[in-house]
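Please read them with the coordinates open.

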Amino acid sequence: MPLLIRNANEVITLASEVEGPRMREAMGELAVQTNVDVLIEGDVIKMVAPFEEIQAAFPQLVERAEVIDATGKIMMPGLVDCHTHLVHGGTREHELNMRLNGKSYMEIMNAGGGIHYTTTKTKESSAEHLFAKTYEHLNDFLLHGITTVEAKSGYGLDWATEKKQLEVVKLLQEHHAVDLVSTFMGAHAVPKEYKGNEDAFVDLVINEMLPQVAAENLAEFNDVFCEKGVFTPAQSEKILEAGKKYGLIPKIHADEIEPYEGAELAAKVGAISAEHLLVASDEGIDAMAKSGTIAVLLPGTAFFLKAPYARGRLMVDRGVPVAISTDFNPGSSPTISLPFIQNLACMNMGMTMEEVLCATTINAAYAINRQDSIGTIEVGKKADLLLLNVPNFKQLQYFYGMNHTNTVVKNGKVVVKDGTLI
């Protein structure tokens with residue numbers, strides 16, 4: 001049945017003639033429209049126009065359409081969470097208490113906690129358990145208006161567990177409304193048994209894991225944690241270049257804890273995105289601006305680790321296309337609230353109300369190579385839309401820490417109504 005959404009106070013289309021991800025002033029141009037309705041047929045947007053024009057163009061569709069009255073609400077594209085570690089076993093609330101008592105993230109990791117703790121729990125978990133747990137997380141994402149989620153592996157560090165994570169994502173794609181995008185991250189940490197022999201693990205990732213990821217079509221992207229004590233820039237480059245030979249698009253965890261030329265490496269290898277960038281250098285930021293590499297900033301991680309925030313304002317001003325994401329994971333950002341992440345980006349990274357909406361829609365779509373189908377409200381794109389319980393978009397940041405989601409339309413179907421899954 002066609003769907004017709006009428007009477008929204010504002011329709012934030014983010015439609016633009018700008019080619020590529022939005023940069024500088026373009027990040028603040030939301031293309032807000034009033035007095036327009038949206039007609040949906042099947043899973044795509046059919047028309048965005050005043051009701052009279054829609055009725056004249058498609059009278060039979062309008063006659064058959066289910067009508068949603070959006071009076072008093074705003075409409076915008078479904079949110080895109082372009083960096084998560086979605087599938088994992090266990091939780092790490094005990095580490096929060098350790099950090100509150102002065103332990104650093106790397107101290108906890110080097111003592112066997114951190115990624116290594118989650119790796120153990122993920123190995124111990126059956127695929128069925130991981131599926132059920134992640135399914136519930138995806139329900140929470142959907143309730144917060146997130147309709148597309150990137151999911152990284154990386155809590156295996158051996159092929160069997162990495163494959164298990166990626167296969168769970170593939171199965172969830174078939175059974176859950178949220179669209180999922182897979183990233184292989186076998187190089188998330190160095191296993192304990194490879195300490196002192198890190199190059200051997202790099203070779204294992206390149207020669208054994210990457211070929212199987214490609215052969216079984218389990219991921220679209222290849223990510224690596226370039227950080228002191230994890231993988232060096234040279235090792236990271238080797239892994240990312242190897243992935244490119246198998247058709248995997250490079251991403252990189254860069255400059256999260258110490259400046260380590262990760263942003264520079266992202267530009268060098270032509271990565272689609274560099275992620276974290278809390279302590280990226282000026283040179284690295286400028287290199288990313290020249291290469292067009294998207295900065296995926298994760299203010300929830302800085303908040304949870306009590307770390308310095310990435311220089312989002314500087315990056316926007318220097319022409320880096322910026323996206324923001326939850327970094328949902330059990331150790332450094334256990335949240336699914338992308339609306340709260342928008343709040344943090346405004347309050348702590350100097351980004352504007354308009355920029356954070358761009359950063360969680362069209363720029364986030366670019367960061368996962370989905371810009372042609374999602375991220376804006378335009379004819380021919382997927383009908384992934386939100387109705388929010390505010391009369392104008394500025395209240396999304398003014399009333400912070402709240403979930404304003406009323407209705408979620410995913411692939412042309414209403415999946416959340418009045419804040420409840422249906």
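**Notes on helix packing, sheets and burial**

1. Helix H9 (residues 233-245) packs against helix H10 (residues 262-269) at an angle of about 25°, and their axes are 11 Å apart. Axes here are lines fitted to C-alpha atoms, for helices over the stretch in contact, and angles run from 0 to 180 degrees between N-to-C directions. Helices (H or I, at least four residues) and strands (E, at least two) are DSSP runs, numbered from the N terminus. H9 and H10 are therefore roughly parallel to each other; angles under 35 degrees count as roughly parallel, over 145 as roughly antiparallel, 65 to 115 as roughly perpendicular and the rest as oblique.

2. This is a predicted model: local features need pLDDT of at least 70, side-chain atom pairs count only at pLDDT 80 or more, and totals for chains, interfaces and linings use all residues. Residues are numbered from 1 along each chain as its sequence is written, and side-chain values use heavy atoms, with hydrogens and water left out.

3. On the H9 side, Pro233, Ser236, Glu237, Leu240, Glu241 and Lys244 meet Leu265, Lys268 and Val269 of H10, contact meaning heavy atoms within 4.5 Å. By class, the contact of H9 with H10 has four nonpolar, one polar and four charged residues. Ala, Val, Leu, Ile, Met, Phe, Trp, Tyr, Cys and Pro count as nonpolar, Asp, Glu, Lys and Arg as charged, and the others, Gly among them, as polar.

4. Helix H6 (residues 127-143) and helix H7 (residues 159-175) cross at roughly 50°, their axes coming within 10 Å. That makes H6 oblique to H7. In the contact, Ala127, Leu130, Phe131, Thr134, Tyr135 and Leu138 of H6 meet Lys164, Val168, Leu171, Leu172 and His175 of H7. The residues of this contact divide into eight nonpolar, two polar and one charged.

5. An open sheet is formed by seven strands in the order E3-E2-E7-E16-E17-E18-E19, with mixed pairing. Strand E3 (32-33) and strand E19 (420-421) stand at the edges, each with a single partner strand, so one side of each is left without a neighbour in the sheet. Strands E7 (residues 74-77) and E16 (residues 385-388) run antiparallel and are joined by four bridges; strands pair if DSSP finds at least two bridges between them. Ile74 has Leu388 in E16 as its bridge partner.

6. Strand E9 (residues 146-152) is mostly covered, with seven of its seven residues buried. Buried means under 20% relative accessible area, exposed over 50%, partly exposed in between (1.4 Å probe, protein chains only). Three bridges join E9 to strand E8 (residues 79-81) in a parallel run, where Val80 stands opposite Thr148. E9 also pairs in the parallel sense with strand E10 (residues 179-187), over five bridges, and Lys152 stands opposite Thr183 there.

7. Helix H14 (residues 338-349) is mostly covered as well, nine of its 12 residues being buried. Among the buried ones are Leu338, Ile341, Leu344, Cys346 and Met349.

8. Where does Ile422 lie? Ile422 is found in the segment after E19 and is exposed, with a relative accessible area of 63%. Not counting residues up to four places away in sequence, Ile422 touches Val414, Val415, Val416 and Lys417. The C-alpha atoms of Ile422 and Lys121 are separated by 32 Å, the two residues being 301 residues apart along the chain.
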